[in-house]
Amino acid sequence: MKINPQLKEELKKRMQVFVRTEKEKVTVYSVYPLAAGEVSSLLAANDELKGREYSNVIDTSLIGGVIIRFGSKIIDLSLKHLLQTFQKTIHETH
Amino acid sequence: MKLIDDYLKEIEKDLNKSAISVNTEEIGFVDEVRDGVVLVTGLDNVTFGEVVEFNSGAKGYIIDLMEDRAGVVVLGDYLHIRSGERVKALNYTLSVPVSEEILGRVVDPLCTPQDNLPTIKMDKMYPVEKIAPTVVYRKSVTVPLQTGVKAIDALTPIGRGQRELIIGDRGTGKTTIALDTIINQKGQNVICIYCGIGQKNSKMALVVDLLRRNNALEYTVVVNAPAADAAALQYIAPYSASAIAEYFMDKGKDVLVIYDDLSKHAWAYRQISLILRRPAGREAYPGDIFYLHSRLLERSCRIDEKYGGGSITALPIVETLEGDVSAYIPTNIISITDGQIFLETDLFNAGVRPAINIGISVSRVGGNAQTKAMKQVAGKLKLDLAQYREMAAFSQFESDLDEETKKLLNRGAKVTQILKQDKNKPYSLGEEIVVLWAAHKGFLDTVGVNDVEKFEKKLIEIVRRKGHDVTSIILKEKIISPETEHKLEKLVKEVV
């Protein structure tokens, strides 16, 4: 399948605009829906995130804890991540 | 002995520490997987050369930064990487772990052992890419590095901190010269690094075996990125070898690095560049192919004693096709290095081994490092050979030659004979000087061309048996005095 180059260029521009707006968004991943107060107190701990708008996404594979994502940055506070790090430590010291 | 209470206290202290540390990570997602190169979206805040880790465990490092994407070369196996996979930036530039323990080992470009021996304990991390020391820290080359090959030590001498290119077609003995040099460094307080780039693994096994048999492995590190490895590993191999060399140089030691060979290194880089769609130039090499080698070879230098001393001598190897030195990569590296040793197939097949073409081999800085005694004997030798070559060319047409010309031809033939040398049998400086002195004084003029080898063998035997005091005097005085000449004459006359 060949894509029209002009169309490709247009799509790329749209994509970049989309990415830029996406960067401003904060996404909080958690195992169960979080109350508004819970999330804002969580975001208040980080100067960069204080008072920003957010969306809450449910991801049960985290087992516990939360992941905060903004732009290309991520703060991983999930149980899954902790277990993975633990596994790695054991593997490396073995 | 610790009491149980002490242990309990320690455990309590550990428990009181906050177990979770909050840190922000930079992530991206795999967009495209090409041959050994991966394009990643996201990773907005990474730097050039930063190491990233894929979710599947592989590591890579950033070699290209575009508007919306980053190009990552994968170090190792890239077959498990899927598009859409998460990539994490690790916040450090590519470095290799180094320590004294690395001596005598065979490692890959990331310093992971390849020889089934225990892991190497790390002392420091050294960056793979580093800017070479500036003028202030440098010192000119004055200390010789003896290769143990008569022809090189006499005619194209190498000094510690020099970069001397070994160039020639396949099968002309390039690696042999490099390995002989490593073997000859025994007891010379020089650390050697042999970096194989894109070589056959069978050849590397032979190299390691040869070094081990000659007890040279104990002061040598072998960095191996064989032809089967990913282009990325072949690309970083010489820089890793350089990083290991810098670790020892920073300790004030003299290091010898052999890059075998840089034409294959250029091929690996060309592959990566073409996959990244960088504009191709001459012979399809990218525009920065010169900088690729100049930044590598600039890292060899001699550091002033004020700043800790130490040196890195580089012997890069380049393979030519059909003796064509005017190809792109050979001309580039010839212009970067401080001279070249040119090996020729015709000479090799004619039995002149090492097959060095003395006419076009040069050493631009090594002369200052040559010992005075060697200079005394080598100066005349060079002249004899130059005249011989000139005469030999047109004496083929003329039948009757005058005495003077005949004498020149005879001398030249004998000198060419005496510069031949068996492989893996390096000579000590004293032995070299005695042999060349005999040729220089005309003791070989009466010996038949085919008997020169026998003469040399006998002379070496006598020197090893009872010439020890003479050679030690030469090495001590660094010059051949008339009294020493008298003693040498006595030794040589025993053979004649």
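**Figure 1. Lys478(B), an exposed residue with a positive phi.** In this predicted model, Lys478(B) is exposed, as 11 other C-beta atoms lie within 10 Å. Counts of 12 or fewer qualify as exposed. To find Lys478(B) in the structure, look in the loop that runs between α14 (468-477) and α15 (482-495) of chain B. Its phi is positive, about 60°, although Lys478(B) is not a glycine.

**Figure 2. Glu322(B), another loop residue to look at.** Here the view moves to the loop between β14 and α8 of chain B, where Glu322(B) sits. Glu322(B) is not a glycine, yet its phi is positive at about 55°. Is Glu322(B) buried or exposed? It is exposed, with 7 other C-beta atoms within 10 Å.

**Figure 3. The buried face of helix α7 of chain B.** Helix α7 covers residues 289-297 of chain B, and its buried residues are Ile289(B), Leu292(B), His293(B), Leu296(B) and Leu297(B). Viewed down the axis of α7(B), these buried residues fall within an arc of 110°, so they line one face of the helix. What covers the buried residues of α7(B)? The cover includes the helices α5 (231-249), α6 (262-275) and α8 (328-336) of chain B, together with strand β14 (311-319) of chain B.

**Figure 4. Two cis peptide bonds in chain B.** One of them joins Asp260(B) and Asp261(B), with omega at about -5°. Asp261(B) is found in the loop between β13 (254-260) and α6 of chain B. A cis peptide bond also joins Arg353(B) and Pro354(B), and there omega is about 0°. Pro354(B) belongs to the loop between α9 (345-349) and β16 (362-363) of chain B.

**Figure 5. Where domain 1 of chain B touches domain 2 of chain B.** To get your bearings, the domain assignment of chain B gives domain 1 (27-93), domain 2 (97-370) and domain 3 (373-495). The centres of domain 1 and domain 2 of chain B, taken over C-alpha atoms, are 30 Å apart. In the contact, 14 residues of domain 1 of chain B meet 10 residues of domain 2 of chain B. On the domain 1 side, the elements giving two or more residues are β4 (59-65) and β5 (69-75) of chain B. The largest share of that side comes from β5(B), with 4 residues. By class, the domain 1 side has 6 nonpolar, 5 polar and 3 charged residues.

**Figure 6. The contact between chain B and chain A.** Chain B brings 12 residues to this contact, and chain A brings 9. Which strand gives the most to the side of chain B that touches chain A? It is strand β1 (residues 24-33) of chain B, with 5 residues. The chain B side divides into 4 nonpolar, 4 polar and 4 charged residues.

**Figure 7. Confidence along chain A.** The average pLDDT of chain A is 86, and 98% of the residues score at least 70. Within chain A, confidence is highest in strand β1 (residues 26-30) of chain A, at 91. Confidence is lowest in helix α1 (residues 5-24) of chain A, at a mean of 85.

Conventions: Residues numbered from 1 in each chain as written. Chains lettered and ligands numbered in written order. Predicted model: local features only at pLDDT ≥ 70, side-chain atom pairs only at ≥ 80, totals over all residues. Domains from an automatic or database assignment. Contact = placed C-beta atoms within 7 Å. Nonpolar A, V, L, I, M, F, W, Y, C, P; charged D, E, K, R; others polar. pLDDT = per-residue confidence, 0-100. Buried ≥ 20, exposed ≤ 12 C-beta atoms within 10 Å, placed from the backbone. Arc of directions from axis to C-beta.
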